[in-house]
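Here is a walk through a few spots in one model. Have the sequence and the 3D view open as you read.

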Amino acid sequence: SGSLSNGQTVIITHDGKVTGITRTDTPVPQQGSTGVFEDGSVANSSLRGVYDPDSGRVVVVYADAGHSGNGKATAGLVSSDGTITFGSPAQWHPGNTGEVGIAYDTANDRIVVCGKDITASDAIYNVGSLNGSVITFGSYGVLNGSAGEVKVSYDTNADRVLFTYQSASVGKCRAGEVSGLTVSNLGTEVTYSSGNINTSTNAVRYHEAAQKHVITYSMASGGNGRARVATIDPSDNSVTFGTEATFHSSSAVAETTAIYDPDSQRMVISFQADSKINAIVAQVTGTNLTFGSKNVIFNANAHILDNTYDTTNDKVVFSFRNAASPYDGKFCVGTVNNSDNSITIASTTSTTGSGSATRQGVTYSPTTDHLVFFYNDGGNSDRGTGLTYKTLTAVTNLTDGNFLGFSNAAYTNGQT
């Protein structure tokens, strides 16, 4: 039935005809499996994940509520069928830890984590190495005393990490070089915001094509959503900025995050405003930013934003937590059109169903083409849990019993 090429894989249909194997990807996410990475409860703090291309594993950073909120991280291995298994947790901060961040240094094969020491109110960081599923950390360091939420991104061009945080209500950042299990030669702290910023709105991502970082945040006065391009000079680890740009001004922005889309070479910003989750596409030209039109991701109140990028299917993935009952984790998928800097949003999927999750983060495992969500499972004593998903569902005419073999020549329809 239909034409066949020489060597094409074929099946036999129910009516005895021979046809080629087909596959169609439908825009319906396909759930995989869950795995527990923390047997105790995970603190009501952010969960963040990153993919380690050297080990082929994902790494999640979090705070362990069962042990004084200590900062910890765990590595997980995703199989082709979507099952995920985690190694033992490794401690990177021996104290109450809040609002964590994570990045992967591909030049030095190191995990860089950060967060807030809640007791001392310090912005802190640490560096870890991964051997199989075993993570080894050095001693944590302090970026700044009296600091708020800390985030980090890795610069592949400069081979430096950039930390962003809030100090005395102002947006600050520092760049440094990963050396062994620490960050050395930290540059001078500089201010990236023109005034005070809102708590929990600071985020940073690296734009690979522009070889620069994009920092997003909202202003304390008026709540405007703003972004700024940052450039690291590796000779002295100094940071310079482009012009501060406003991406949303009609209402107050309560939370921001961003992700780089390598296919369109655009940055996609998601943010909470007007009791909705929104997305907007940003184009970097030199050190300046221009924006497309805002699109609504989720037309209801939600928070705990995180993003990742599916490099197999060229999709932006938005993760968030429903602010209304059943307080479940959710995600949806977006496609960027770089001709007009617009973004198309698909329907929303619940990750935790009727079970609640006070925090949720996400990363992507390209080796198996799986999204990996991290959350504290309210239906299981807030245990730290990982969940895999495929962005798309593959539909094929191949079954367990209909595979015939390979065509030994080219055939047209009806030919024997």
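Let's start with T246, which is partly exposed because its relative accessible area is 37%; that label covers whatever falls between buried (under 20%) and exposed (over 50%), using a 1.4 Å probe and protein chains only. Bear in mind that this is a predicted model, where local features need pLDDT of at least 70, side-chain atom pairs count only at pLDDT 80 or more, and totals for chains, interfaces and linings use all residues. Residues are numbered from 1 along each chain as its sequence is written, and side-chain values use heavy atoms, with hydrogens and water left out.

T246 sits in strand β23 (residues 245–248); strands are DSSP runs of E, at least two residues long, numbered from the N terminus. Setting aside neighbours within four places in sequence, T246 touches N224, G225, R226 and F291, where contact means heavy atoms within 4.5 Å.

Now for R321, a residue of strand β30 (residues 315–322). R321 is buried but has no salt bridge, meaning a side-chain nitrogen of Lys or Arg within 4 Å of a carboxyl oxygen of Asp or Glu. For opposite charges, Lys and Arg count as positive and Asp and Glu as negative, while His and the chain ends are not counted. Beyond four places in sequence, the contacts of R321 include A302, H303, I304 and Y327.

The distances for these two residues go side by side here:

| From | To | Distance |
|---|---|---|
| T246 side chain | R226 side chain (polar contact) | 3.5 Å |
| T246 C-alpha | M219 C-alpha | 10.0 Å |
| R321 side chain | A357 backbone oxygen | 2.7 Å |
| R321 | D328, nearest side chain of opposite charge | 7.3 Å |

A polar contact is a pair of N or O atoms within 3.5 Å; within protein, one must be able to donate a hydrogen and the other to accept it, and residues adjacent in sequence count only if both atoms are side-chain atoms.

What about strand β5 (residues 48–52)? Here 5 of the 5 residues are buried, so the strand is largely enclosed by the rest of the structure. R48, V50 and D52 cover one side, G49 and Y51 the other, and all are buried. β5 runs antiparallel to β6 (residues 57–64), with 5 bridges joining them; strands pair if DSSP finds at least two bridges between them. R48 stands opposite V61 in β6. In the hairpin, 4 residues lie between the strands, and G56 takes a positive phi near 70°.

Finally, the rings: F37, Y62, F86 and F374 are linked into a cluster by ring pairs. Phe, Tyr and Trp rings (six-membered for Trp) pair if their centres lie within 6.5 Å.

Methods
Rings of Phe, Tyr and Trp (its six-membered ring) pair if their centres lie within 6.5 Å; planes under 30 degrees apart count as stacked, over 60 as edge-to-face and the rest as tilted.
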